[in-house]
Amino acid sequence: MTVDATTSPGRLTDRIPTLGGAAIIAHLVPPRQFVNATLDSYRPDRDYPSQGAAVAAIRNFVAGWHSGGGGLFSRKKAPAPLPGVYLDGGFGVGKTHLLAALWHQAPGRKYFGTFIEYTALVGALGYAPTVQLLKGASLLCIDEFELDDPGDTRLMSRLLSELVASGTKIAATSNTPPNALGEGRFAAQDFLREIDSLAAKFTTIRIDGLDYRRRDIEAGARVSADVAAELATIDGVTTLDPFDAMLAHLGTVHPSHYVSLVENLAAVGFTGVHVLHNQTDALRLVAFVDRLYDAQVRIVADGIPLDTIYPDDMLAGGYRKKYLRSVSRMIALTSEPV
Ligand SMILES: Nc1ncnc2c1ncn2[C@@H]1O[C@H](COP(=O)(O)OP(=O)(O)OP(=O)(O)O)[C@@H](O)[C@H]1O
Ligand SMILES: [Mg+2]
């Protein structure tokens with residue numbers, strides 16, 4: 001895409017997204033970064049045997065599509081895989097990578113979205129039309145299953161039950177509910193309890209390990225010496241906003257629409273980054289950073305380093321895991337491209 005240098009950067013606050021059902025459906029594919037993710041390109045960390053075991057479990061799940069069908073796979077006597085897999089683990093261990101790799105292997109019609117995208121789809125289309133649309137797919141991938149809102153969780157549970165009954169397989173990754181302090185097996189238990197009607201249909205795959213994004217990046221988030229000048233060196237559409245104006249704007253857009261807020265952007269610039277004082281702003285930023293990360297939009301910012309914006313009291317609370325994941329993603333997005 002060519003961009004008129006005189007009109008770039010634009011302002012994020014001038015972007016007022018609306019997103020209908022058709023646009024949401026068009027987005028139900030793995031994020032750009034995972035277009036080429038495969039099981040073979042996942043490098044299990046030998047220090048964490050659960051990673052290699054996860055790959056094996058996913059291969060077994062994939063084999064379920066082919067067994068009985070067309071001789072692609074040898075008929076080993078293995079128990080029939082359950083219709084669902086649930087990847088449970090810390091941030092940056094490759095859950096989304098494995099989920100996308102699985103999606104790529106599924107035959108026929110299939111969907112890949114975050115929990116929030118599916119709930120937005122139901123919001124835009126209504127429940128029955130959503131079931132109608134998704135029914136009959138070979139696989140539905142749900143990244144970052146949220147347990148924060150009981151209503152949404154129930155809705156999704158009901159939807160998944162109907163889809164499983166129609167023969168669709170389900171793969172999901174975890175998110176931490178409020179007050180599940182730190183990172184532990186609570187997440188898996190809560191997930192299964194909340195979707196109790198489905199629980200018996202899921203194989204839980206626990207993945208331990210270190211944040212893969214930090215294997216190479218030791219430093220914190222990079223602070224730019226001159227945001228505007230740096231944005232000018234970036235090819236493509238960029239935006240530049242004061243940090244506070246950006247936060248205020250996020251409050252006017254539903255988080256399920258953040259995905260179109262970042263559309264076509266190569267980079268976003270923020271000036272005057274500072275410590276966040278309220279949880280509402282912080283959670284909106286988390287959701288926004290998730291969309292920036294999915295779309296691999298670079299962040300160029302000045303003020304304090306973005307990895308220091310969540311204060312200790314927030315980091316000690318129920319959303320700890322979300323904040324740490326957000327920090328990990330901001331460090332990756334501010335680092336120099338390799
Ligand atoms: N073992 C691995 N081998 C190769 N690439 C990996 C591995 N683990 C992670 N990655 C890569 O590291 C990046 C982060 O992984 P990914 O986003 O899949 O982690 P995640 O567990 O979903 O993290 P988050 O909690 O942030 O959602 C991706 O680019 C992914 O392709
Ligand atoms: Mg992920």
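**Close-up views of a predicted model**

**View 1. Strands β1 and β4 pair in parallel.** Strand β1 (residues 84-89) runs alongside strand β4 (residues 169-173) in the parallel sense, joined over four bridges. Strands pair if DSSP finds at least two bridges between them. Strands (E, at least two residues) and helices (H or I, at least four) are DSSP runs, numbered from the N terminus. Tyr86 stands opposite Ala172 in β4. This is a predicted model: local features need pLDDT of at least 70, side-chain atom pairs count only at pLDDT 80 or more, and totals for chains, interfaces and linings use all residues. Residues are numbered from 1 along each chain as its sequence is written, chains are lettered from A and ligands numbered from 1 in the order in which they are written, and side-chain values use heavy atoms, leaving out hydrogens and water.

**View 2. Five strands form an open, parallel sheet.** The order is β2-β3-β4-β1-β5. At the edges are β2 (110-114) and β5 (202-207), each pairing on one side only. From one strand to the next, the twist averages 15 degrees. Axes are lines fitted to C-alpha atoms, for helices over the stretch in contact, and angles run from 0 to 180 degrees between N-to-C directions.

**View 3. Helices α4 and α6 lie across strands of the sheet.** Helix α4 (residues 115-125) lies across β2 and β3 (139-143), at about 105 degrees to β2. Helix α6 (residues 150-165) lies across β3 and β4, at about 160 degrees to β3. Contact means heavy atoms within 4.5 Å.

**View 4. The largest nonpolar core has 39 residues.** Such a core is a set of buried Ala, Val, Leu, Ile, Met, Phe, Trp, Tyr and Cys residues joined through side-chain atoms within 4.5 Å. Buried means under 20% relative accessible area (1.4 Å probe, protein chains only). Phe243, Phe270, Leu285, Phe288 and Tyr310 have the most contacts inside this core. Helix α13 (279-294) is among the elements giving two or more residues. α13 gives the most, with eight residues. Beyond its neighbours within four places in sequence, Phe270 contacts residues including Leu12, Val227, Met246 and Ile299.

View 5. Polar contacts are pairs of N or O atoms within 3.5 Å. An N or O atom in the His97 side chain is 2.6 Å from a ligand 1 oxygen atom. For a backbone N or O atom of Gly92, the distance to an oxygen atom of ligand 1 is 2.8 Å. A polar backbone atom of Lys95 lies 2.9 Å from an oxygen atom of ligand 1.

Key
Buried means under 20% relative accessible area, exposed over 50%, partly exposed in between (1.4 Å probe, protein chains only). A polar contact is a pair of N or O atoms within 3.5 Å; within protein, one must be able to donate a hydrogen and the other to accept it, and residues adjacent in sequence count only if both atoms are side-chain atoms.
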